[in-house]
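Subject: Structure handover

Hello,

Here is the structure to look at before we talk. My notes follow below it.

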Amino acid sequence: PAVCEHVLQKPEPQVYYDGFSEQGAVLKIAVWLKCSDLITVKNELYVAVHNACKKNKIKIPYMYYEKK
């Protein structure tokens with residue numbers, strides 16, 4: 001079964017490299033979905049990426065700001 005059940009499987013989802021930033025490589029995920037599922041799909045993708053990174057011990061860099 002698909003990890004993100006609301007993502008359409010045709011055409012196939014794609015991942016693109018989009019350069020580097022201060023935090024690391026920038027990857028973009030392209031998927032097809034029904035317009036009415038936009039918020040649900042965004043949430044499913046965020047959770048799926050987070051869980052895959054955690055499972056594979058991949059650290060996601062975050063910007064931290066210090067108040068002075």
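How do the residues of the lining of the largest pocket divide into nonpolar, polar and charged? They divide into 15 nonpolar, 4 polar and 2 charged. Here nonpolar covers Ala, Val, Leu, Ile, Met, Phe, Trp, Tyr, Cys and Pro; charged covers Asp, Glu, Lys and Arg; the others, Gly among them, are polar.

Two notes on the source. This is a predicted model, in which local features need pLDDT of at least 70 and side-chain atom pairs count only at pLDDT 80 or more, while totals for chains, interfaces and linings use all residues. Residues are numbered from 1 along each chain as its sequence is written, and side-chain values use heavy atoms, with hydrogens and water left out.

Pockets

The largest pocket holds about 660 Å³ of space. A pocket is an open set of points on a 1 Å grid over the protein atoms alone, where a 1.4 Å probe fits and protein lies on both sides within 12 Å along at least five of seven lines. Lining residues have an atom within 4 Å of a point. Volume is the space filled by probe spheres set on the points, with grid points joined across faces, edges and corners.

In the largest pocket, 21 residues form the lining. Ala25, Leu27, Ile29, Val49 and Ile60 lie nearest the centre. The elements giving two or more residues to this lining are β1 (14-21), β2 (24-30) and α1 (38-55). α1 gives the most, with 7 residues. Helices (H or I, at least four residues) and strands (E, at least two) are DSSP runs, numbered from the N terminus.

The second largest pocket has a volume of about 190 Å³. Its lining counts 13 residues, with Val3, Cys4, Pro13, Leu45 and Ala48 nearest the centre. α1 supplies the largest share here too, with 4 residues. The lining divides into 12 nonpolar, 1 polar and no charged.

Strands

β1 and β2 pair in the antiparallel sense over 6 bridges. Pairing requires that DSSP finds at least two bridges between two strands. The two strands form a hairpin, with 2 residues between them. Tyr17 has Leu27 in β2 as its bridge partner. Ser21 is bridged to Gly24, also in β2.

Core

The largest nonpolar core has 5 residues: Cys4, Val7, Val41, Leu45 and Ala48. Such a core is a set of buried Ala, Val, Leu, Ile, Met, Phe, Trp, Tyr and Cys residues joined through side-chain atoms within 4.5 Å. Buried means under 20% relative accessible area, exposed over 50%, and partly exposed in between (1.4 Å probe, protein chains only).

Val7 sits in the segment before β1. Is Val7 buried or exposed? Val7 has a relative accessible area of 7%, so it counts as buried. Leaving aside neighbours within four places in sequence, Val7 is in contact (heavy atoms within 4.5 Å) with Pro13, Val31, Trp32, Val41, Glu44 and Leu45. Val7 and Lys34 are 27 residues apart along the chain, and their C-alpha atoms are separated by 8.1 Å.

Cys4 touches Glu44, Leu45 and Ala48, not counting residues up to four places away in sequence. Asn43 and Cys4 are 39 residues apart in sequence and 9.2 Å apart in space, C-alpha to C-alpha. Asn43 belongs to helix α1. Asn43 is partly exposed, at 48% relative accessibility.

Please check two spots. A cis peptide bond joins Lys10 and Pro11, with omega about -10 degrees. Pro11 lies in the segment before β1. Lys57 is not a glycine, yet has a positive phi of about 55 degrees. Lys57 is in the segment after α1. Lys57 is exposed, with a relative accessible area of 75%.

Lys55 is in helix α1. Lys55 is exposed as well, at 71% relative accessible area.

Best wishes
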